[in-house]
Amino acid sequence: MDGGGRLSRSVRQTQSRSAPVRKAAAPSRDAMASTRRYVFEPEREENPNGFFARLERRLPRGLGVTATVVLLIGAGLFGVVRGGHADNVVTAFQDTRNALANAVGFRITDVAISGRKQLTQDEILAVGGVNGRSSLLFLDAATVRDRLKGDPWIADATVQKLYPGRLQIDITERKPYALWQQEGRLSVIAEDGTVLEPYVANRFNLLPLVVGDGAQERAHAFLDLLANYPNIRNQTRAIILVGDRRWNLRLTNGIDVRLPETGTETALATLVKLDSDEQLLSRDITSIDMRLPDRVTVRLSEDAAKARADAIAASKSKRKAGDA
């Protein structure tokens, strides 16, 4: 070995040439696991406004403004209803649209009404809801007809709109048939028993008087029967339904005639005969009871009863004097 280290290099070279080359061993699974690198990513924080942002992108544009307007309108309507102003708002709206229609030529300028006898034209228009602000364009003929038929005086009605400004109304009135007395109150009734109005007008004074609960519905049939006996009918002031079963007659001279529940026609014929033969209805009596088919019971007035009693007593005295 020289001082320059040549021997050492040759020996190392010789060893390296003669020694077999060893391949590096593959690393084991444990070694790989021990050297495996793990990468941890930081956790993302959830954006609280993200859902609403996505929802906003999906909603139609302008929906918020529309919802706000609807909410304001709903709040206004709620306030109107709770405040009791709904009718005023509807009336104002109707008046506005009628004014616009009238301005363009649909004002009602001519009203023709036929068939009225008891009602005036103003009363008919008021019942139908037609006034000076109404326009023919927005007038509902069916509604006017229903309102008219709701009045007890009007049995039927037709309403026609003739543009641009004529309104034709044809009505069929019920006829006043009798006065009905119930619990001290008088009402004018029609033939079918419909109450037409409270009795206030003198023009109904000559109508027959009907008294009693349910009498207004049954009076027509009985008055038709009574018309077959004009002598009795002309003297009858009132007919009175008793117990919803039979009738009494109150005559103009104050006599009460109690008719039977059945066989009314026979009883009336008998009454006519008694009056014709014995002037029964002209006597000083207060009532005639015809409820029993085999007899007629007559009650005298107090004066007549006293006079009769005095006459009987005088007759007995005379008989006693004659016997003596």
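Reader: How many helices and strands are there in the protein chain?

Author: The protein chain has 11 helices and 12 strands. Please bear in mind that this is a predicted model.

Reader: And what percentage of its residues count as buried?

Author: Of the 324 residues in the protein chain, 26% count as buried.

Reader: What share of the contacts comes from residues 24 or more positions apart?

Author: Among contacts in the protein chain with a separation of 6 or more, 45% are between residues 24 or more positions apart.

Reader: Let us turn to helix α6. Which of its residues are buried?

Author: Helix α6 covers residues 121-128, and I124, L125 and G128 are buried there. These residues span an arc of only 95° around the axis, so they lie on the same side of α6.

Reader: Which residues are on the other side of α6?

Author: D122 and A126 are found on the other side of α6, where they are exposed.

Reader: What do the buried residues of α6 pack against?

Author: Their packing partners are strand β1 (110-114), helix α7 (141-149) and strand β3 (166-173).

Reader: Which residues other than glycine have a positive phi?

Author: E183 is one of them, with phi near 50°. Q279 also has a positive phi, near 50°.

Reader: Is E183 buried or exposed?

Author: E183 has a relative accessible area of 66%; the cut-off for exposed is over 50%, so E183 is exposed. Q279 has a relative accessibility of 43% and therefore counts as partly exposed.

Reader: You mentioned α10. How do the axes of α8 and α10 cross?

Author: Helix α8 (residues 215-226) and helix α10 (residues 264-278) have axes that come within 11 Å and cross at roughly 40°. The two helices are therefore oblique to each other.

Reader: A new topic, please. Which peptide bond is cis?

Author: The peptide bond from Y163 to P164 is cis, and its omega is near 10°. P164 is placed in the loop between β2 (154-162) and β3.

Reader: What about K161: in which strand does it lie?

Author: K161 lies in strand β2. With 24% relative accessibility, K161 counts as partly exposed.

Reader: Which residues is K161 in contact with, leaving aside its neighbours within four places in sequence?

Author: With those neighbours set aside, K161 is in contact with L136, L137, L139, A141, R166 and L167.

Reader: What separates the C-alpha atoms of K161 and A141?

Author: Their C-alpha atoms are 7.2 Å apart, while K161 and A141 are 20 residues apart along the chain.

Notes:
Residues numbered from 1 in each chain as written. Predicted model: local features only at pLDDT ≥ 70, side-chain atom pairs only at ≥ 80, totals over all residues. Heavy atoms only, no water. Axes fitted to C-alpha atoms, helices over the stretch in contact; angles between N-to-C directions. Helix = DSSP H or I, 4+ residues; strand = E, 2+ residues; numbered from the N terminus. Parallel < 35°, antiparallel > 145°, perpendicular 65-115°, else oblique. Buried < 20%, exposed > 50% of the residue type's maximum accessible area, 1.4 Å probe, protein only. Arc of directions from axis to C-beta. Contact = heavy atoms within 4.5 Å.
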